[in-house]
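Please read it alongside the sequence and the structure shown here.

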Amino acid sequence: MNDELSILCKKYNCDKLMHGYAEIYKSYFDKIKNDKLNILEIGVANGTSIKVWSDYFKNSNIIGVDIKKIDIVEKKLNRKNIKIFQGSQTDKNFLLKIIEEYKSFDIIIDDGSHYPKDVIKSFELLFPILNIKGLYFVEDMQTSYNHYYHGNAFDLKYANTHMNYFKHLTDSLNYKEVANPFYKKNKYDGKIINVSFFHNMVVVKKDLNDKESNLLTNNAFEKNRYNERILKKGQKLRYFLKYLVFGRTYTFILYIFNTIKKIILLRR
Ligand SMILES: C[S@@+](CC[C@H](N)C(=O)[O-])C[C@H]1O[C@@H](n2cnc3c(N)ncnc32)[C@H](O)[C@@H]1O
């Protein structure tokens with residue numbers, strides 16, 4: 001490939017090209033590469049990707065984080081738009097110091113330990129300071145499926161992996177569509193407009209998500225359906241009994257049944 005990002009990956013020998021990530025990044029970054037952004041990458045190692053971002057996002061601040069000490073002179077990372085911090089991606093106080101300096105980020109890339117717990121913890125710590133319209137990338141999601149990386153190859157649906165974590169995050173796209181009047185908004189509901197899964201990569205886009213449901217009001221179905229039916233057909237008593245009495249009772253029974261099921265199966 002001869003696009004700018006691929007050329008830079010080749011120039012610095014960055015494996016994001018070989019792993020197919022460069023193509024995905026290009027699709028998100030092409031339009032914003034000249035903007036003035038704060039970009040944070042967890043995992044610096046030899047600094048190859050940091051140098052790629054430094055050239056590609058000429059007007060941006062590139063902040064690299066690594067648990068190991070990085071010799072910025074030896075790695076040729078002593079450039080004006082690069083800053084490297086040593087610390088762990090799961091250390092809240094360490095991250096708070098960076099946040100204090102930069103306030104917020106437009107792009108966050110997790111190419112750090114790739115352990116499920118670390119990826120999840122970093123996301124929970126950093127998502128709040130991702131800007132509106134910001135993008136959060138997680139590379140090497142395959143560790144989710146590999147017990148040598150603390151993932152789980154045998155319980156794909158329910159194991160505590162980062163793949164499952166991000167799969168569940170997709171529910172936040174549709175939180176207003178959940179026909180459960182007892183539904184409690186979680187901290188991501190209303191703040192995510194896209195979760196994209198690629199081979200070994202996840203991308204989360206932060207933005208205001210307040211699109212109303214056309215089926216529900218306040219996560220309840222019955223009142224809407226009742227109003228709609230009586231408007232079309234009249235027969236108030238019939239639809240009152242059908243939706244506001246039997247329908248609500250049915251929903252409540254399902255709620256109780258599923259609550260008990262979750263308790264028995266130790267699910268949240
Ligand atoms: C895959 S390398 C990063 C490669 C780099 N992003 C690139 O594309 O050139 C992973 C890096 O994450 C660092 N790392 C591992 N665990 C970490 C942690 N808990 N916090 C921060 N960095 C960590 C490692 O020291 C290593 O340098």
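## Buried helices

Helix H5, which spans residues 116-126, has as its buried residues Pro116, Asp118, Val119, Ser122, Phe123 and Leu126; a residue is called buried if 20 or more other C-beta atoms lie within 10 Å of its own, exposed if 12 or fewer, and partly exposed in between, with C-beta atoms placed from the backbone. The model is a predicted one, in which local features need pLDDT of at least 70 and side-chain atom pairs count only at pLDDT 80 or more, while totals for chains, interfaces and linings use all residues. Residues are numbered from 1 along each chain as its sequence is written. Helices (H or I, at least four residues) and strands (E, at least two) are DSSP runs, numbered from the N terminus.

The buried residues of H5 pack against E1, helix H4 (92-102), strand E4 (105-110), strand E5 (130-138) and helix H6 (162-169), where contact means that two C-beta atoms, placed from the backbone, lie within 7 Å. Helix H3 is largely enclosed by the rest of the structure, because 7 of its 9 residues are buried. These are Ser49, Ile50, Lys51, Val52, Trp53, Ser54 and Tyr56, and their cover includes helix H1 (4-12), E1, E2 and E3.

## Sheet and core

An open sheet is formed by 7 strands in the order E3-E2-E1-E4-E5-E7-E6, with mixed pairing; two strands are taken to pair if DSSP finds at least two bridges between them. Its edge strands, each pairing on one side only, are strand E3 (82-86) and E6. Two of the strand pairs are set out here.

E6 and E7 make a hairpin with 2 residues between them, and asparagine 200 in the turn has a positive phi of about 65 degrees.

The largest nonpolar core has 46 residues, and those with the most contacts inside it are Ile39 and Ile108; such a core is a set of buried Ala, Val, Leu, Ile, Met, Phe, Trp, Tyr and Cys residues joined through C-beta atoms within 7 Å. E5 gives the most to this core, with 5 residues. Leaving aside residues up to four places away in sequence, isoleucine 39 touches residues including Trp53, Phe57, Ile62, Phe105 and Ile107.

## Ligand shell and exposed loops

Of the 21 residues around the ligand, those that come nearest are Gly43, Ala45, Ser49, Gln89 and Ser113; the criterion is a C-beta atom, placed from the backbone, within 6 Å of the molecule. Strand E1 (38-42), helix H3 (48-56) and strand E2 (61-66) are the elements that give two or more residues to this shell. By class, the shell has 6 nonpolar, 9 polar and 6 charged residues, where Ala, Val, Leu, Ile, Met, Phe, Trp, Tyr, Cys and Pro count as nonpolar, Asp, Glu, Lys and Arg as charged, and the others, Gly among them, as polar.

Aspartate 35 lies in the loop between helix H2 (21-29) and E1, and counts as exposed because it has 11 C-beta neighbours inside 10 Å. Its C-alpha atom is separated by 7.5 Å from that of phenylalanine 57, 22 residues apart along the chain. Glutamate 74, found in the loop between E2 and E3, counts as exposed because it has 10 C-beta neighbours inside 10 Å. Glutamate 74 and threonine 249 are 175 residues apart in sequence and 69 Å apart in space, C-alpha to C-alpha.
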